[in-house]
Amino acid sequence: MKIILLGPPGAGKGTIAKALMDYDGSVQISTGDILRAAVAAGTELGKQAEAAMKAGDLVSDELIMGIMGERLQQEDCQRGYLLDGFPRTLPQARALKSLLDELGEKLDCALELDIPREVIIDRLTTRRTCSNCGEIYNVKTRPPKVEGVCDVCGGPVLQRDDETEEAIENRLQVYQQQTAPLVDFYRDEGLLVSVPSSDLEPVMAALKPRIG
Ligand code: AMP
């Protein structure tokens, strides 16, 4: 399947993407994960993205399109992809549309996880992430077995720099201003599927007519 995941930070896009990967082998492509890996590795890309990410602002459309223009043409995308955190602005959505037209590809849909703001804030402030392998935990609902240590790889489980209350406020504001307009964009394209939940069952029920 070829799907865009839309929804504010903390809506559950990554979790749903991972579950959908198991469904048909499509790859999850998270621009946030790609950028965090670049920052950790200290590459040129990482250096360019770091300050904006830390503040919860968006990195430039040029940088993102440079990454995604290449990524979407890699071999593993043939089986399908779940775009998690991309596109995030109207210029990115338009550039993606042109790129897919050039490649002769069609999206199945844009899946919006429409989750209330209070739920989002609670999830983000209690979320912890393994800084080595990216596994996600929650201090209330899914703590690691040993505090601060990843169950999967033994790496350090920490609060992300952009999950402080201040950065979260900013990311939600950035979402409203720059990303929420994509809901109308994809509705106009006839691609929008909106689900008021991030549980797999209602998501699959809503997707079925689109992915067969
Ligand atoms: P995420 O993990 O998807 O919340 O992304 C973390 C951060 O990476 C965001 O707050 C942005 O600074 C940056 N980022 C990720 N994807 C994009 C994108 N498509 N456009 C611009 N910035 C992005």
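Visitor: Is S26 buried or exposed?

Guide: Burial is read from relative accessible area: buried is under 20%, exposed over 50%, partly exposed in between (1.4 Å probe, protein chains only). S26 has 2%, so S26 is buried. This is a predicted model: local features need pLDDT of at least 70, side-chain atom pairs count only at pLDDT 80 or more, and totals for chains, interfaces and linings use all residues. Residues are numbered from 1 along each chain as its sequence is written, and side-chain values use heavy atoms, with hydrogens and water left out.

Visitor: Where is S26 placed?

Guide: Helices (H or I, at least four residues) and strands (E, at least two) are DSSP runs, numbered from the N terminus. S26 sits in the loop between α1 (13–24) and β2 (27–30).

Visitor: Which residues does S26 touch, not counting those up to four places away in sequence?

Guide: Contact means heavy atoms within 4.5 Å. S26 touches M1, M21, R79, G80, Y81 and L82 on that count.

Visitor: With which side chain does the side chain of S26 make a polar contact?

Guide: That of D24, at 2.6 Å.

Visitor: How many disulfides are there?

Guide: A disulfide is a covalent bond between the sulfur atoms of two cysteines. Here the test is a pair of cysteine sulfur atoms within 2.5 Å. The count is zero.

Visitor: What about C130?

Guide: C130 is in no disulfide; the nearest cysteine sulfur, that of C153, is 3.6 Å away. C130 is buried too, at 2%.

Key. A polar contact is a pair of N or O atoms within 3.5 Å; within protein, one must be able to donate a hydrogen and the other to accept it, and residues adjacent in sequence count only if both atoms are side-chain atoms.
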